Amino acid sequence: MSVFYESNEYELTKEQKAEIINFLDKPNLENIELYGFADTLGNIQANQRISELRVAGVKELILEWYQNVLIITKASGEKQHQGVQFDNQRRVDIVLTYQLEKHEKKIKKIEPIEDVKDSTTKKVQVPDLSQRDVFYETFGSSDRIVIENLLFEPGTTDFLHGNTPNELYYLVDLMDSIQTMKIHIEGHVCCIDDKKLSKERAKTVYFFLRANGIDKSRMTFKGYSNSSPRVKELTKEDEKLNRRVEIVITER
């Protein structure tokens, strides 16, 4: 697949984003290769830079939707085969590699957010209401919420035991009721320094809330690696408690 750009442009349109995500939605996807190019109208340095920006934009989009997939990138500026017209040179080529047989490696696709309208929210069906009042009371008395079971499997962005915590549904319900509330989502890991994974865990919660109608302007997220452990890590249970996401209310 090739994505084409106007002269000196590198940002993707909404339509291009949708086309790319649809193109990637294939079984047993293993590797993605991105090749960026530019025309020869500008100087060599400028053309190299804009091809790098085009590749970076496509890569950023893919990482918002897919995890644990290898992305190989190369920006070649105006280096092209002869005979190619200017408008066809301004592009990013996307090349996919598949596994022919099923394997255990699992690429996690984040829930799509294109259909979520920023100006509205939708009512979610909370699976278990038994602890909702306790959750609301906690939010009413503290600006930092440690959701006891908002934990993750080791080395992944998968919720512990594969279960989405009920408290996330409570949070959607609460933010839907209090439209002025804004939050910051903190991602954490245990054991070793891994800022990328901690950020991806925070992003997992962010996308869950976005997919359930919470406007992106009401949320920020950041990964804190293992710099702020909840407990001292002496046992496997301690490590589990530190593989977490915490919610901070920044505005009520």
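Q: What is the relative accessible area of F221?
A: This is a predicted model, where local features need pLDDT of at least 70, side-chain atom pairs count only at pLDDT 80 or more, and totals for chains, interfaces and linings use all residues. Residues are numbered from 1 along each chain as its sequence is written, and side-chain values use heavy atoms, leaving out hydrogens and water. Buried means under 20% relative accessible area, exposed over 50%, and partly exposed in between (1.4 Å probe, protein chains only). F221 is partly exposed, and its relative accessible area is 26%.

Q: How many helices and strands make up the secondary structure of the protein chain?
A: Both are DSSP runs, numbered from the N terminus: helices are H or I with at least four residues, strands are E with at least two. By that rule, the protein chain comes to seven helices and ten strands.

Q: How many aromatic pairs are there?
A: Rings of Phe, Tyr and Trp (its six-membered ring) pair if their centres lie within 6.5 Å; planes under 30 degrees apart count as stacked, over 60 as edge-to-face and the rest as tilted. The count of aromatic pairs is four.

Q: What is the angle between the planes of F152 and F159?
A: F152 and F159 form a tilted aromatic pair, 5.4 Å centre to centre. Both residues are buried.

Q: Why is the pair of Y206 and F221 tilted?
A: The ring centres are 4.8 Å apart. The pair counts as tilted because the planes stand at 50°.

Q: How many residues apart in sequence are the parts tied together by Y206 and F221?
A: Y206 lies in helix α6 (residues 195-211). F221 lies in strand β9 (residues 219-223). The pair therefore ties together parts whose separation in residues is 15.

Q: Which residues do ring pairs link into a cluster?
A: Y206 is buried at 11% relative accessible area. Ring pairs join it into a cluster made of Y206, F207 and F221.

Q: How many salt bridges does the structure hold?
A: A salt bridge is a side-chain nitrogen of Lys or Arg within 4 Å of a carboxyl oxygen of Asp or Glu. The structure's count is ten.

Q: Which residue forms a salt bridge with D39?
A: The closest N and O atoms are 2.9 Å apart. D39 is buried at 4% relative accessibility. Its partner is R90.

Q: Which strand holds R144, the salt-bridge partner of E246?
A: The side chains of E246 and R144 meet at 2.9 Å, N to O. The pair links distant parts of the chain, 102 residues apart. E246 is in strand β10 (residues 244-251), and R144 is in strand β7.

Q: Which helix holds both K240 and E237?
A: K240 forms a salt bridge with E237, with the closest N and O atoms 3.1 Å apart. The two residues are three apart, about one turn of the helix. That helix is α7.

Q: Which side chain of opposite charge is nearest to D238?
A: D238 sits in helix α7 (residues 236-242). D238 is buried yet has no salt bridge. Lys and Arg count as positive and Asp and Glu as negative, with His and the chain ends not counted. The nearest side chain of opposite charge, at 9.2 Å, is K232.
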